[in-house]
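Subject: Structure handover

Hi,

Here is the structure I promised to pass on. My notes follow below it.

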Amino acid sequence: MNEEYSNYYDPEQKRSPILKIVVIAMILLIAILIIALFTKAFKKGPDLHPVLSNMANSYITSDKLPKEVGECNTYALKDMIANQDSKTKKEFAKCNDQETYVKVCKIANDNYQYTPVLSCKKQKTKFGDWQTGTLDDIIKNNSDVVISYDGQVLENGNRTYYPNDLTDLSKVSEYYTSSPKEGYVYKVNPQEAYKWYVEGDEKDYYNHGEYVATAPDLYPLKEDEKTKTYFSLSRPNSASYRTIDNTVLYATEYTSYPYKYECQDPKYQGTITSNTLCERRNTGTFNVTVKMYYTCDGKNETAKDVLCKGRSDWSETSCKNSNQTIDGKTSDGYNYTRNLWNGLTCVEANGYKVVDTVSKWYRLAKVNKYYPSDSSKETDEKTYYISTPTPGASKDESTKTTAYQYFKLVPNDSTEPTWVSIGDANMNKEELINSFKELGYKVNNFEEIDKNENTKYQVVIKYRNRK
């Protein structure tokens with residue numbers, strides 16, 4: 001190396017490390033300031049859950065507490081905050097006063113669970129998943145609880161499950177949301193279940209199953225062939241599916257008829273009005289008819305030869321009889337005979353009897369058919385399954401529900417009475433009592449359930465803890 005260059009002194013080399021240290025220190029200082037500002041900006045402040053619980057304790061008097069085990073009441077912030085000090089009011093100033101509340105449940109005799117729930121700008125209460133447990137699992141002023149009941153009755157007999165009356169539950173795959181048949185009143189094994197369907201062909205009928213003679217466009221298949229007979233005054237066109245015969249046709253009409261008569265007597269002046277023909281009067285006087293009054297309804301007067309009721313359909317059945325003493329021609333040129341006294345007119349014409357061979361026409365369309373009803377309508381199907389009931393079946397996700405397996409008890413004197421569940425473990429008080437009543441037990445409250453030697457219930461506790 002050149003000695004001249006090896007002895008050269010560069011002042012920048014000495015300043016460079018110092019400058020780097022200063023820059024790094026400034027960056028760290030700025031980062032600390034930013035973190036401090038963000039921490040201050042997003043600081044949640046004190047935990048308001050215990051404050052809200054204490055507020056509820058001072059607000060809720062004994063008469064406001066739930067009365068029975070399993071009963072829960074909620075108390076909103078807007079009702080509890082009024083009598084609090086200014087500091088507390090300030091702490092809850094940015095909370096929703098309706099969605100911030102304390103839920104109080106009676107979980108045992110003289111034992112209440114307080115669950116504070118916050119809906120504030122900086123604090124919102126969140127819970128974990130629901131679990132089934134005991135009173136020992138509940139965390140005071142933390143856990144959210146739901147208390148439900150499982151009812152049981154003491155019965156004697158063998159369980160037979162719908163629909164095939166099997167006694168081995170492991171071989172039963174059908175589930176229902178309500179009793180599928182009279183007598184099957186007991187339900188067990190609540191499961192998340194679905195209705196299932198398979199793809200199949202369904203007949204799509206032309207015009208809702210109208211009978212016609214020839215195939216409409218796009219409907220090539222036919223069934224249920226029959227004949228359709230009608231009558232016509234004019235001859236229809238000939239067709240391969242049609243027979244035409246000449247015939248005499250008849251139809252009826254009703255015209256106005258006499259209902260009052262003006263009667264005269266040469267021995268007396270003037271006339272009288274009679275409801276019977278003057279010549280048929282049995283009084284010996286005023287026996288000459290000088291005028292007739294006509295009607296259509298027997299009450300109101302109308303003119304002679306007025307058409308009261310229009311012409312009926314043509315048929316081959318004759319409407320002539322011996323009381324039709326008047327004949328003539330209708331305005332459209334057909335012969336008629338008429339009964340003067342009731343207006344019944346029989347019209348006669350030459351025409352045609354026509355017989356068409358007609359069918360229902362249809363096409364096959366791909367549809368989803370629910371199993372096992374084979375109906376394409378979801379509402380027609382009542383059976384649910386938890387797994388594929390038949391090869392190729394798909395579950396209808398929209399029908400997801402809780403369903404049960406139903407059974408009846410067949411009396412059997414050789415077996416000991418056993419406790420049988422009447423539903424599931426998620427019934428509230430009202431549902432529990434109604435379930436007992438549906439089975440014929442006259443119980444109206446928990447005390448009566450306990451007193452009845454054939455009924456009992458168990459308390460089921462579900463809880464979820466605050467995160």
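Start at Val-104, which stands opposite Tyr-114 in strand S3. Please keep in mind throughout that this is a predicted model.

**The S2–S3 hairpin**

Strand S2 covers residues 101–108 and is joined to S3 by seven bridges. The two run antiparallel. Two residues lie between the strands of this hairpin, and Asp-110 takes a positive phi near 60 degrees there. S3 itself spans residues 111–117 and is mostly covered. Five of its seven residues are buried.

**The chain as a whole**

The protein chain has seven helices and 21 strands. How does its radius of gyration stand against that of a compact globule of 467 residues? The globule would come near 23 Å, but the chain has 47 Å. Along the principal axes, the C-alpha trace spans about 160 × 90 × 65 Å.

Buried residues make up 33% of the 467. The chain exposes about 29,800 Å², and carbon and sulfur atoms supply 48% of that area. Now take the contacts with a separation of 6 or more: residues 24 or more positions apart account for 71% of them.

**The sheet around S11**

Four strands form an open sheet here, in the order S12-S11-S13-S14. The pairing is antiparallel. Strands S12 and S14 (301–302) stand at the edges. Each has a single partner strand, so one side of each is left without a neighbour in the sheet.

S11 runs over residues 257–264 and is mostly covered, with six of its eight residues buried. Its pairing with strand S13 (residues 288–295) is antiparallel and has seven bridges. In that pair, Tyr-257 has Thr-295 as its bridge partner. S11 also pairs with S12 (residues 271–274), again in the antiparallel sense, over four bridges. There, Tyr-261 stands opposite Ser-274. The hairpin of S11 and S12 has six residues between the strands, and Gly-270 takes a positive phi near 80 degrees.

At the other end of the sheet order, S13 and S14 pair over two bridges, also antiparallel. Thr-295 has Glu-301 as its bridge partner in S14.

Gln-264 lies in strand S11. Is this residue buried or partly exposed? Gln-264 is partly exposed, with a relative accessible area of 39%. Beyond residues up to four places away in sequence, Gln-264 touches Gly-270, Thr-271, Phe-286, Asn-287, Val-288 and Val-290. Among these, Gly-270 is the residue with the positive phi in the S11 and S12 hairpin.

One distance to note: the C-alpha atoms of Gln-264 and Leu-118 are separated by 105 Å. The two residues are 146 apart along the chain.

**The sheet around S21**

This is another open sheet of four strands, with the order S4-S21-S5-S20 and antiparallel pairing. Strand S4 (131–133) and strand S20 (418–421) are its edge strands, and each pairs on one side only. On average, neighbouring strands of this sheet are turned by 40 degrees against each other, direction ignored.

Helix H6 (residues 429–438) packs on the sheet. H6 touches strand S5 (144–155) and S21, and its direction makes about 10 degrees with that of S5.

S4 and S21 (residues 455–464) pair over three bridges in the antiparallel sense. Gly-133 stands opposite Ile-461 in S21.

**Thr-455, in S21**

Thr-455 has its place in strand S21. Why does this residue count as buried? Its relative accessible area is 3%, and buried means under 20%. The side chain of Thr-455 reaches the backbone oxygen of Ile-449 at 2.8 Å. Leaving out residues up to four places away in sequence, Thr-455 touches Gln-152, Val-153, Trp-419, Phe-436, Tyr-441, Glu-448 and Ile-449. Of these, Gln-152 and Val-153 fall within the residue range of S5, and Phe-436 within that of H6. Trp-419 falls within the range of edge strand S20.

Thr-455 is buried at 3%, whereas Gln-264 is partly exposed at 39%.

Best regards

Key
Residues numbered from 1 in each chain as written. Predicted model: local features only at pLDDT ≥ 70, side-chain atom pairs only at ≥ 80, totals over all residues. Heavy atoms only, no water. Pairing = 2+ DSSP bridges. Axes fitted to C-alpha atoms, helices over the stretch in contact; angles between N-to-C directions. Contact = heavy atoms within 4.5 Å. Buried < 20%, exposed > 50% of the residue type's maximum accessible area, 1.4 Å probe, protein only. Polar contact = N/O pair within 3.5 Å; in protein donor to acceptor, adjacent residues only side chain to side chain. Rg over C-alpha atoms; globule rule 2.2 N^0.38 Å. Areas by Shrake-Rupley, 256 points an atom, 1.4 Å probe, with all protein chains shown as cover.
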